[in-house]
Amino acid sequence: MVESKFVLIGAGLPRTGTLSTRVALEKLLKGKVHHMTYVIGGRKELEQHWRKALNGQASTEDWRTAMQDFSGGVDFPISIFYKELMVAFPDAKVLLNVRDPEKWYESVKNTIYFVRSIKTSWPVTWFNALTRLGANDDLVQDITCYPLASTGIGMFNAFAAGREAAVQFYKDHVAEVKSHVPSDRLLVWEVKDGWQPLCSFLNYPVPDEPFPRLNDSSSMVAQGKRTLATAWIMVVFLPLGMALGSWKYKLTSWKHLASLAGGYAMAAGLARTYVLSYYKKHPKT
């Protein structure tokens with residue numbers, strides 16, 4: 001077998017500094033590092049692989065093919081399948097991002113769990129269908145609710161059960177990774193520890209620059225609120241206003257109705273562009 005360039009498997013849960021870790025690893029490894037953003041971004045071949053993995057149908061060779069363009073991976077869904085990746089890449093080391101469990105709970109609740117609650121609620125579901133936004137929302141939902149072997153439930157299912165269940169979910173996952181991965185292959189690490197432990201673990205020199213510190217919490221929440229407000233306008237207020245205007249001014253001819261439909265389609269396109277412009281400015285959220 002040709003030596004793989006996939007050298008780092010992230011077993012840490014989301015919101016444990018995985019975004020900063022991804023940026024740091026890409027500097028060290030000089031290659032792409034998989035992160036949940038690749039799932040959200042909608043790469044077709046990766047979507048097919050993750051569907052296969054969720055269905056328990058991904059072979060060792062499938063994992064090697066899917067990760068062939070990456071030097072490593074962190075965050076979900078990589079950390080869900082860290083055991084399968086350890087088999088596919090026996091020389092890869094395992095990085096377990098950790099943080100205080102209570103702070104982790106608050107971070108997830110106020111960011112990705114908050115945003116997912118918006119995206120799975122009405123009228124956002126209708127807005128996404130109308131504008132073809134959120135094409136991978138079902139996949140993201142399935143990943144975040146996928147039962148981990150260590151806990152028997154998915155992360156968002158644990159959050160739906162409350163604080164105690166969510167914190168226990170975190171603790172169970174961390175404990176399982178520590179017990180499953182050989183100590184010489186594992187680094188338990190917090191982002192506040194910086195470059196030194198990470199570079200020593202991977203046998204790389206310490207970069208002559210500060211460790212990246214990225215916090216996407218505020219932009220993630222703003223993104224969710226922006227999408228929700230736009231959905232209400234497009235699904236509720238604009239159609240209602242158009243209907244009332246047509247009734248008041250008796251715009252009931254086919255010509256007028258066609259013009260209204262064309263105007264609404266144009267507005268939907270502008271709304272899509274408006275939401276996407278925020279995604280492009282904040283691609284890592």
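Visitor: What should I know about the source first?
Guide: This is a predicted model, in which local features need pLDDT of at least 70 and side-chain atom pairs count only at pLDDT 80 or more, while totals for chains, interfaces and linings use all residues. Residues are numbered from 1 along each chain as its sequence is written, and side-chain values use heavy atoms, with hydrogens and water left out.

Visitor: How many helices and strands does the protein have?
Guide: The protein has 14 helices and five strands. These are DSSP runs, numbered from the N terminus: helices are H or I with at least four residues, and strands are E with at least two.

Visitor: And what box do the C-alpha atoms fill?
Guide: Along the principal axes, the box is roughly 75 × 45 × 40 Å.

Visitor: What share of the residues is buried?
Guide: Of the 285 residues, 46% are buried. Buried means under 20% relative accessible area, exposed means over 50%, and partly exposed is in between, with a 1.4 Å probe and protein chains only.

Visitor: What about the surface itself? How much of it belongs to carbon and sulfur atoms?
Guide: The accessible surface comes to about 14,400 Å², and 57% of that belongs to carbon and sulfur atoms. Such areas come from the Shrake-Rupley method with a 1.4 Å probe; for residues, only the protein chains shown count as cover.

Visitor: What share of the contacts joins residues 24 or more positions apart?
Guide: Among contacts with a separation of 6 or more, 76% are between residues 24 or more positions apart. A contact means heavy atoms within 4.5 Å.

Visitor: On to charges. How many side chains are positive and how many negative?
Guide: There are 34 positive and 25 negative side chains, and the centres of the two sets lie 11 Å apart. Lys and Arg count as positive and Asp and Glu as negative, with His and the chain ends not counted. The place of each charge is taken as NZ of Lys, CZ of Arg, CG of Asp or CD of Glu.

Visitor: How many salt bridges are there in the whole structure?
Guide: A search of the whole structure gives ten. A salt bridge is a side-chain nitrogen of Lys or Arg within 4 Å of a carboxyl oxygen of Asp or Glu.

Visitor: Where do Arg64 and Glu61 sit relative to each other?
Guide: Both belong to helix H4 (residues 60–66), where they are three residues apart, so about one helical turn separates them.

Visitor: What about Lys83 and Glu176? Which helices hold them?
Guide: Their side chains meet in a salt bridge of 2.7 Å, N to O. Lys83 is in helix H5 (residues 82–88) and Glu176 in helix H11 (residues 163–180), so the pair ties together parts that are 93 residues apart in sequence. Lys83 is partly exposed at 27%, whereas Glu176 is buried at 15%.

Visitor: New topic: how many disulfides does the structure hold?
Guide: It holds zero disulfides, a disulfide being a pair of cysteine sulfur atoms within 2.5 Å. As for individual cysteines, Cys199 is buried at 1% relative accessible area, and Cys145 is partly exposed at 22%.

Visitor: Is phi of Arg15 positive or negative?
Guide: Phi of Arg15 is positive, near 65°. Arg15 is buried at 14%, in the loop between strand S1 (8–10) and helix H1 (18–29). Asn203 has a positive phi near 60°, but this residue is exposed at 65%.
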